[in-house]
Each structure stands twice: as C-alpha cells, then as structure tokens.
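Please read them beside the coordinates.

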Amino acid sequence: MSLFLITHTLAAVVQNCDPNQADDGSCQTIFPAIKGTPDNVKIALQIVFGVIAVVTVIYIVLAAIRYQMSLGDPGATAKLRNAIIYAAIGLVIALSAEIIVSFALGRV
C-alpha cells in the first residue's frame, strides 16, 4: 500500500512540474538531481552483485562446515545439502545477472 502511495505522489510531483520555471528547462522539485552515466550504474551494480556473491560463498562455506559436523544425521544432511545447492544456484544467478548487466550497459 505504501509503495502505491509513494509512486502516485512522485507521479503527481512530476506532472505538476513546470519546466519553464528553470533557465535550463529542467524541473524544479524537492528531489536531488541524479546524473547517472552507464559507467556509474555499471560500477554500482558490480559492487552490489559482488557483495551478493561474497555473502553467498560465505553461506556455502558455513553450510559445508555444518554439513561435515552433522555426524551423518539424515535430516540435517538433507537440509544442509539443499541449502548448499540453493546457494550455488543463487550464486550462478547473481553472476549471470552481473554478466548480463555489464553486456547491456556496454552497448549503451
């Protein structure tokens, strides 16, 4: 519900913006002007995907240690095996997303 209100508030602010108020044709709003270049976006997303990858690798290592210490308990080993598999899939998705973003922003 709050996302709905925020988007409609932003839309109202943008629609009520009068570009004739500024000398350079930009709208005067209370929001800061963000000048993002593809390089800045690429660097920011590489940092985000890098953090995700590091956290995922740490999670895999901790799950592997717990797997070794489970002492053959079938319930615990199955649970930890699935955790390792899902984390590995998440790591592949994060790395794929980083490759796709880098490729797409390289074309801009």
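1. The protein chain holds three helices and zero strands, where helices (H or I, at least four residues) and strands (E, at least two) are DSSP runs numbered from the N terminus. Followed along the sequence, the pattern of the protein chain is α-α-α.

2. A word on provenance before the details: this is a predicted model, in which local features need pLDDT of at least 70 and side-chain atom pairs count only at pLDDT 80 or more, whereas totals for chains, interfaces and linings use all residues. Residues are numbered from 1 along each chain as its sequence is written, and side-chain values use heavy atoms, with hydrogens and water left out.

3. Of the 108 residues of the protein chain, 13% count as buried, a term that means under 20% relative accessible area, with exposed meaning over 50% and partly exposed lying in between (1.4 Å probe, protein chains only). The protein chain exposes about 8500 Å², and carbon and sulfur atoms supply 69% of that area; accessible areas come from the Shrake-Rupley method with a 1.4 Å probe, and for residues only the protein chains shown count as cover.

4. Among contacts (heavy atoms within 4.5 Å) in the protein chain between residues at least 6 apart in sequence, 51% join residues at least 24 apart.

5. The buried residues of α3 are Thr-77, Leu-80, Ala-83, Ala-87, Leu-91, Ala-94 and Ser-102, and what covers them includes α2 (38-68).

6. Thr-77, placed in helix α3, is buried because its relative accessible area is 11%, and, leaving aside residues up to four places away in sequence, Thr-77 touches Tyr-67, Ser-70 and Gly-72. Ser-102 also lies in helix α3 (residues 74-106) and counts as buried because its relative accessibility is 17%; with the same exclusion of residues up to four places away in sequence, Ser-102 touches Lys-42 and Gln-46.

7. Finally, I would draw your attention to Leu-71, which is found in the loop between α2 and α3. Leu-71 has a positive phi of about 60 degrees although it is not a glycine, and at 80% relative accessibility Leu-71 counts as exposed.
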